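Subject: Structure for your review

Dear colleague,

Please find the structure below, together with an account of what was found in it. I would be grateful if you read the two side by side.

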Amino acid sequence: MTFVTDYEDKKKKFDSMITLYGRKPVLEILLDPDSSIFRLHLSASNQRGDTITQIRKLADKRNIDIATHPKEALSRISKNARQDQGVAIDIAPPKYQSVDEISDGVGQLLALDGITNPQNMGMIIRSVAASPMDGLLLPRKGCAKIDPLVHKASAGTLIKSSIYHCPTIESGLKSLRSKGYQLIGLAGGVDRSLGDIGNADEKIVFVLGNETTGISEPVLALCDELVCIPLESGVESINVAMAATLVAFRKTFNST
């Protein structure tokens with residue numbers, strides 16, 4: 001019984017960590033006083049250049065555990081041997097947690113289904129962080145992985161954002177539905193507008209789909225209703241990050 005509990009505790013701890021890689025991104029994380037860092041990973045093959053020396057000094061100054069690995073082991077940690085530059089870092093953002101840990105006070109969320117472009121992902125994270133929305137539902141499978149490109153596009157808001165992770169978008173949405181959330185998908189060619197959704201503080205999850213194909217069929221089947229963002233001048237669609245910003249600030253716009 002104790003073994004199972006210890007395993008579950010460790011799994012929960014590591015599931016709520018994000019691993020970034022590359023010398024510049026790791027240096028930026030170490031320089032950010034708001035970053036919560038678990039461990040720094042370095043390859044034993046690293047040359048002692050200025051950046052590596054600075055990374056080590058910053059980690060020592062912050063009393064961060066430094067683990068040195070053979071190059072092959074480091075690549076298994078970073079999951080990107082071609083671009084990790086022999087450096088990876090485990091961060092534990094305080095607002096990055098499982099959807100199962102969501103509190104009763106969380107009202108409206110944005111959920112991502114198949115967003116594969118890291119630039120879009122980072123911009124969406126930034127918009128949600130800056131908005132009145134309560135957080136982002138982000139599946140571990142099916143979307144772009146959180147990496148240095150996503151971190152850069154988020155302009156540093158990744159470590160400040162309320163992100164609820166789940167194995168798949170379907171499992172996350174089902175979990176939220178069981179907690180009383182209404183699931184509203186964004187789609188084209190439907191009659192009801194995003195503006196028709198009231199300003200009340202109901203439990204609502206707005207679902208955005210893939211940049212090209214939109215919301216997937218299994219997720220469409222889960223949605224309680226679909227709404228659109230009305231477009232003018234014959235424009236058929238807008239970038240998903242722009243759409244996410246409109247949804248995230250919906251309550252602000254509606255209150256003016």
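Two strands pair if DSSP finds at least two bridges between them. Helices (H or I, at least four residues) and strands (E, at least two) are DSSP runs, numbered from the N terminus. The model is predicted: local features need pLDDT of at least 70 and side-chain atom pairs count only at pLDDT 80 or more, while totals for chains, interfaces and linings use all residues. Residues are numbered from 1 along each chain as its sequence is written, and side-chain values use heavy atoms, leaving out hydrogens and water.

The sheet

An open sheet of four strands has the order β1-β4-β2-β3, with mixed pairing. Because β1 (18-21) and β3 (65-69) each have a single partner strand, they stand at the edges, and one side of each is left without a neighbour in the sheet. Strand β2 (residues 37-43) runs parallel to β3, and five bridges join them. L40 has I66 in β3 as its bridge partner.

The cysteines

A disulfide is a covalent bond between the sulfur atoms of two cysteines. The cut-off applied here is a pair of cysteine sulfur atoms within 2.5 Å. The whole structure contains zero disulfides. The closest cysteine sulfur to that of C143 is in C166, 8.6 Å away, which is too far for a bond. C143 counts as buried (under 20% relative accessible area; exposed is over 50%, partly exposed in between; 1.4 Å probe, protein chains only), because its relative accessibility is 8%. C166 is also buried, at 1% relative accessibility.

With kind regards
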